[in-house]
Amino acid sequence: MSETVQTTCPYCGVGCGVQADVDDDGGVSVRGDPDHPANRGRLCSKGTALADTLGLDDRLLYPEIRGKRVDWHTALDRVATGFTDIIREYGPDSVAFYVSGQLLTEDYYLANKLMKGYIGSANIDTNSRLCMSSAVAGHKRAFGEDAVPGCYEDLERADLVVLVGSNTAWCHPVVYQRIIAAKSDNPHMKLVVIDPRRTATCDEADLHLPIQPGRDVDLFNGLLAFLDNAGCIDRDFVNTHTGGYEDAVTAARDGDTDIADIARACGVPEQELAAFYRLFVDNDRTVILFSQGVNQSSAGTDKVNAIINCHLLTGRIGKPGAGPFSITGQPNAMGGREVGGLSSTLAAHMGFEQADTVQRFWDAPAIADTPGLKAVDMFEAIGRGDIKAVWVMATNPVVSLPDADAARDALRECPLVVVSDCMAATDTVECADIRLPALGWAEKDGTVTNSERRISRQRAFLPPPGEARPDWWIINQVARYMGFADAFEYECARDIFTEHARLSGFENDGQRAFDIGGLADLSRAEYDALKPVAWPVPHRETGQEAQKNTAAKRLFHDGVFSTPDGRARFVAVTPRPPAHAPDADYPLILNTGRLRDHWHTMTRTAKSARLSGHIVEPFAQIHPQDAQVHALEDGALARLETRWGRMQARVRLDDGQRRGSVFAPIHWTRQYAAAGRIGALVNPVVDPVSGEPEFKHTPLRIKPFAARWYGFMLARESLDIAAEAGLDYWVRIPGARFWRFELAGAEAPGDWALWARRLLGAAGPDADWLEYRDGRAGHYRAAALRGDAMHACLFIAGEPPALPARAWLAGLFAKDKLTEADRMALLAGQPADPAADTGAQICSCFGVGRNTIVDAIEKQGLKTPQAVGEALGAGTNCGSCVPEIKALLNTSR
Ligand code: SF4
């Protein structure tokens, strides 16, 4: 008998429903929930692999003070006393909380209430500041409230979908699959991608505009002027429901209005820009979806408003298939926005001008009445010593903040650092004085809100491990230990949710679109059974109907916005260049972003061998001509430097990369790479309105890493190689029953055999060693067998191409007994039968390698991704690898 629990994926803001099946032995399998309106049964590669990430290795299971296990009473008392003493001596603004879009709404609500209503400071900010606060600020300027007007269904009902600054195929895969399915059903539908890089998202696009980084306002101001000239204006809507039209259009006309000039400024072909403008004119049903490529900029808020202006001018908002659509990165970034997790908002979409309302509702002894420090400012204040105690919840700022080395140093110097997390070893947990064990995804209970304002339950299906506790419980206890027991009497997540819902409706009278007052008196049973529901839900009746009807909802369909006069606002914006331009010392532009199969700082996804197998190392993607200028070779190592920090990465040549810019992923940490933290390189410049950092534009220089030797090691156990002398470059990543290490050094050890035996010492004295050495060629190869099974192998060469492929060797770890042929071929690094080498992993869902796909294409004459799917299964689950399969088909042709 297995139990099935309906819950929600903990990764991106699509918010897919997941069914978790738990069998009698505690084994778990997951599948997409066919009844969840966000995904209708689909999951991407990350969601599909969720069951791989549930092991308790690396979990923080007990409270610790300075590395020593303590009981909860001791830990809570120390946190409360530490914060109380510092507040008493230095005031409420001397402490801070740094929270996360990984928290559930109930956790978030309590953290915000404790800081803003009881400590009396607004120094609580969330890591969502780093990914979507420009959208928040843009929404507030245009609509009077931070509200996404549309829903996913609009993307399917549109005739024109424009994806700006979004690699949707990799970062929001299920939404991308919905768009592609709609496109195949509607031959008139056009897809335009505006992005400096040619990404997997461009694969199905009718038009890709590879815009010069930072030029979005030029492009959308140009569109606004073009629409105005063409008379493509919804005059009734503009006159009746908006303000600021004249100023916005005048500002747009002050810049380039000739298409040739705009195209030149944006670095895109004139014909193609004109084609995009004409498409916009011709299609009433238009959705512009935007993401981090727009938000993560020192002009991010202006970019958001430049996009919204075009929708207001044409009245394309609040209608089926039309509207601007901000898609969020994290699973509960939206929930955090709703409770006031940002230091610049108060609670329930109220601002500080409504501090009195919130204080009366909370019956709070104090209330923050001015905004607190935003993320980057907060860590700078910690570095200066202005903030003396910080509590970091469920996030990893030592990796993810810009100028991340400075953030790490600030935490190291801070008198009191508390970290609550489910993981025992992260770059941030290592800086903590007090570590509080929190529950992980499978154990948590509460709600999250996705990018289309849909509130879904996250339900526990595994018991709490060790002494880990829910985040809301930890915050509740600290508040009680600080003397606020009367206001923190919650017994379960439902108690918090219903209070949050009541606050949303408190003295609202329709002024705030965020109103879920209809859910305020849910019983425990109703809360447990809550179906996904999009807000607003202002009345109980509506709440009950919403439980029967999970349909999508649009805001502003009546043309009434959340501003004092009910009108939306055009915002006059002027192009502003990125804060730091490339120069002779740093001639390139660093652009950062996500990969298909990893999530944030890899604390979860690195537990999955199939996810880790897609891209195993941090890389620097560069145009081949730029690579030539900088003496870089594909597959070699490079050193990346900015004025803020440095890192090492594998070079990837890609002619889809815009010349002059380099892309590098955000995921690697000190836990998985010697020097792979991209945050250390990012300039800490922020948008003046939103405080969002400029992650997409830091001047960079890049040069070859002068390695004397390259190598890799596969080992049954993970080895602690961080302190190994002579290892200038290392990356570690799990495989199926083995660990993989990529290695390089500037100096070769004097005796490879001695070095190898020390490194692989875990093999033990009874290991059977095989070795091969060619001193002149610089080759060294060794393998350690235990019994008849593979225990470890090490391959060293003078240059990367001389190393064998890893896939076949990795496959030997799955065998309990090597054959004689395996042993004979072992040190050659390749099987006698080439078909046994499946190649680098392409399809993570079914573990299908590159060589297998190429072989099938050639031998079976496969012509389409569908044919590859029928032959091998690859690409038939989540579809995330289809663009790579297409690329292999094209290469074969
Ligand atoms: Fe999770 Fe993928 Fe759905 Fe995002 S698209 S919520 S990562 S399954």
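This is a predicted model: local features need pLDDT of at least 70, side-chain atom pairs count only at pLDDT 80 or more; totals for chains, interfaces and linings use all residues.
On the side of domain 4 that touches domain 5, α24 (609-612) and β24 (646-653) each supply at least two residues.

The extent of this interface is set out below.

| Item | Value |
|---|---|
| Separation of the centres of domain 4 and domain 5, over C-alpha atoms | 27 Å |
| Contact residues from domain 4 | 19 residues |
| Contact residues from domain 5 | 16 residues |
| Area buried between domain 4 and domain 5 | about 1,400 Å² |

Carbon and sulfur atoms carry 60% of that buried area, and in domain 4 the residues that lose the most area to domain 5 are Val-616, Leu-637 and Tyr-672, which together make up 33% of what that side buries.

The domain assignment places domain 3 at residues 133-326. Elsewhere in the description stands an open sheet of five strands, paired in parallel in the order β10-β9-β8-β12-β13. Because β10 (207-209) and β13 (323-326) stand at the edges with a single partner strand each, one side of each is left without a neighbour in the sheet. From one strand to the next the twist averages 15 degrees. Strands β8 (residues 160-164) and β12 (residues 286-290) pair over five bridges in the parallel sense, and Val-162 has Ile-288 in β12 as its bridge partner. Helix α14 (residues 300-313) lies across β12 and β13 and runs at about 170 degrees to β12.

Notes
Residues are numbered from 1 along each chain as its sequence is written. Side-chain values use heavy atoms; hydrogens and water are left out. Two strands pair if DSSP finds at least two bridges between them. Helices (H or I, at least four residues) and strands (E, at least two) are DSSP runs, numbered from the N terminus. Axes are lines fitted to C-alpha atoms, for helices over the stretch in contact, and angles run from 0 to 180 degrees between N-to-C directions. Contact means heavy atoms within 4.5 Å. Domain bounds come from an automatic or database domain assignment. Buried area is the accessible area (1.4 Å probe) that two parts lose on being put together, summed over both.
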